[in-house]
Amino acid sequence: MLEEEYQERRVLPPHLRKPMPVEAPFEYSLRDARAADLPAVREIYNYYVANSTVTFDEDAMTLQEWKAKFASLDKLGMPFIVAESPSGQLLGYALVAPWKPKRAYRFTVENSIYLGPAASGKGLGRVLLGELIVRSKAAGLKEMIAVIADQGAEASIALHEKFGFEEIGRMGRVGFKFDRWLGTVLLQKSLK
């Protein structure tokens, strides 16, 4: 048959077509982290330890280590928030921790934001960072630092820049993971 002999494919009228499946809306709520959240926090974080260079940790964190970190952050009054689905699944978390242990650094913190696989690419990182900044200001903190891997973390750098973080430096070849050298990008935001 010649091309001009083909008839156009018929299309069913709208009332006879199968309805397109509607994706359930992405719903969550933010709240302060609780000790009961730590097993899920550990699972989210340890996924990145094993599968990416966004963290330079090479060994999975234990639940005991997370409990100690949680207690330390709680004692210091540092924000630690989680995003939870309506069914109770932890979708991600965000926290700040002291930038350095010396007392003069007490108003400067480093942020960490990690999302579970089901929450990636849906805008949750933006919401968590925004809330983390608000809560850090309320806690009296003055400067927030982001230390981001220089490879494979372009989205994280762009996210921080949208919130007014400015690049303050780079350190090349300071970490070695997955048989390659990695550097970091440092960004800073004043919370005053």
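Tyrosine 28 has a relative accessible area of 30%, so it counts as partly exposed. This is a predicted model.

**Aromatic pairs**

- There are eleven aromatic pairs in the structure.
- One of the eleven joins phenylalanine 26 and tyrosine 28, with 5.4 Å centre to centre and 50 degrees between the planes, a tilted arrangement.
- Phenylalanine 26 is also partly exposed, at 29% relative accessibility.
- Phenylalanine 80 and tyrosine 93 form a tilted pair because their ring centres are 5.9 Å apart and their planes stand at 50 degrees.
- Phenylalanine 80 belongs to strand β2 and tyrosine 93 to strand β3, so this pair, 13 residues apart, links distant parts of the chain.
- Phenylalanine 80 and tyrosine 93 are both buried.
- Ring pairs also build a cluster, whose members are Tyr45, Tyr47, Tyr48, Trp66, Phe70, Phe80, Tyr93 and Tyr114.

**Helix α1**

- Helix α1 covers residues 38-51, which is 14 residues.
- From first C-alpha to last, α1 reaches 20 Å, close to the 20 Å expected at 1.5 Å a residue.
- The buried residues in α1 are Leu38, Val41, Ile44, Tyr45, Asn46, Tyr48 and Val49.
- Their cover includes helix α2 (63-76) and the strands β2 (80-84), β3 (90-98), β4 (108-115) and β6.
- Tyr45 and Tyr48 are buried in α1 and also belong to the ring cluster.

**Surface patch**

- Phe56, Met171 and Val174 make a nonpolar surface patch of about 250 Å².
- Methionine 171 sits in strand β6, which runs over residues 166-177.
- With a relative accessible area of 40%, methionine 171 is partly exposed.

How values were computed: Residues numbered from 1 in each chain as written. Predicted model: local features only at pLDDT ≥ 70, side-chain atom pairs only at ≥ 80, totals over all residues. Heavy atoms only, no water. Patch = residues over 30% accessible without salt bridge, like charges linked within 9 Å, V, L, I, M, F, W, Y side chains within 5 Å. Areas by Shrake-Rupley, 256 points an atom, 1.4 Å probe, with all protein chains shown as cover. Salt bridge = Lys/Arg side-chain N within 4 Å of Asp/Glu carboxyl O. Helix = DSSP H or I, 4+ residues; strand = E, 2+ residues; numbered from the N terminus. Buried < 20%, exposed > 50% of the residue type's maximum accessible area, 1.4 Å probe, protein only. Expected span 1.5 Å × (residues − 1). Contact = heavy atoms within 4.5 Å. Phe/Tyr/Trp six-rings, centres within 6.5 Å; stacked < 30°, edge-to-face > 60°.
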